[in-house]
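User: I would like a close look at one part of this model, with the cut-offs behind each term stated as you go. Please keep the answer connected.

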Amino acid sequence: QSAVFLTITNICGPGDNIVAQPYLYGGTFTMFAITLRDMGIEVRFAKSDKVEDLESLVDSRTKAIYLENLGNPQDSLDFIHIAGTNGKGSVCAMTASVLKKAGYKVGLYTSPFIEEFNERMQINGENIPDIDLAEIATIVKEAIHSLGIEISVFAQITAMAFLYFAREKCDIVILETGMGGRLDATNVIKNPKAVVITKIGL
């Protein structure tokens with residue numbers, strides 16, 4: 001039941017930024033700390049004279065106040081949420097194809113891309129146009145900047161996808177997780193229509 005202090009070094013990024021900017025660094029440390037906490041061990045991140053409580057860190061990453069500043073576009077969408085170690089992309093592509101064939105307007109959010117970044121956000125098989133991508137990226141950047149916070153690149157791109165699909169009034173969005181787990185940026189959605197978990201590697 002002893003307290004464990006994880007000293008953040010630059011193994012995951014610039015050490016001086018870990019505690020000050022938890023959105024950008026230390027995801028691996030955070031997940032490890034959660035595992036220890038769930039085992040009944042008190043865990044806090046510590047660096048120099050700064051101490052960050054784990055619950056505060058987790059809470060700050062899951063509140064997604066940046067999405068509130070965008071009007072919570074994800075709340076207007078229906079999702080099929082797909083997670084897993086292997087096969088997520090294929091399952092997402094096949095699911096999107098089936099629903100498109102059935103007559104739905106289907107948004108598809110996946111990562112990474114193969115040839116160009118725009119592939120990460122598609123509607124009925126068409127990549128997001130450059131002009132829309134630039135406009136939405138600017139809107140999201142300004143919304144985050146106005147709050148004076150930092151979030152991960154994946155969370156920013158996810159917010160962009162939510163905003164794009166909401167603006168285009170998609171009937172359903174096929175949403176692929178990032179790293180997955182409790183702190184994944186895609187977990188801000190509420191009540192997905194279905195959840196798919198592909199093969200998990202341990």
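What is the relative accessibility of glutamate 135, and which class does that put this residue in?

Analyst: This is a predicted model, in which local features need pLDDT of at least 70 and side-chain atom pairs count only at pLDDT 80 or more, while totals for chains, interfaces and linings use all residues. Residues are numbered from 1 along each chain as its sequence is written, and side-chain values use heavy atoms, with hydrogens and water left out.

Glutamate 135 has a relative accessibility of 37% and therefore counts as partly exposed, the class between buried (under 20% relative accessible area) and exposed (over 50%), computed with a 1.4 Å probe on protein chains only. Its side chain forms a salt bridge with arginine 167, where the closest N and O atoms are 3.3 Å apart; the term requires a side-chain nitrogen of Lys or Arg within 4 Å of a carboxyl oxygen of Asp or Glu. This pair links distant parts of the chain, since glutamate 135 belongs to helix 6 (residues 130-147) and arginine 167 to helix 7 (residues 153-167), 32 residues apart. Helices (H or I, at least four residues) and strands (E, at least two) are DSSP runs numbered from the N terminus. Arginine 167, at 35% relative accessibility, is likewise partly exposed.

The structure holds two salt bridges. In the other, the side chains of lysine 190 and aspartate 75 meet at 3.8 Å, N to O. Lysine 190 lies in the loop between strand 8 (172-176) and strand 9 (194-197), and aspartate 75 in the loop between helix 4 (65-68) and strand 4 (79-83), so this pair ties together parts that are 115 residues apart in sequence. Lysine 190 is exposed, at 57% relative accessibility, whereas aspartate 75 is partly exposed at 40%.

A nonpolar core here is a set of buried Ala, Val, Leu, Ile, Met, Phe, Trp, Tyr and Cys residues joined through side-chain atoms within 4.5 Å. The largest such core has 34 residues, and those touching the most other members are Tyr66, Leu67, Tyr109, Met121, Val140 and Phe165. Helix 6 and helix 7 are among the elements that each supply at least two residues of this core, and helix 7 gives the most, with 11 residues. Methionine 121 has contacts (heavy atoms within 4.5 Å) that include Leu133, Ile157, Met160, Ala161, Tyr164 and Phe165, leaving aside residues up to four places away in sequence.
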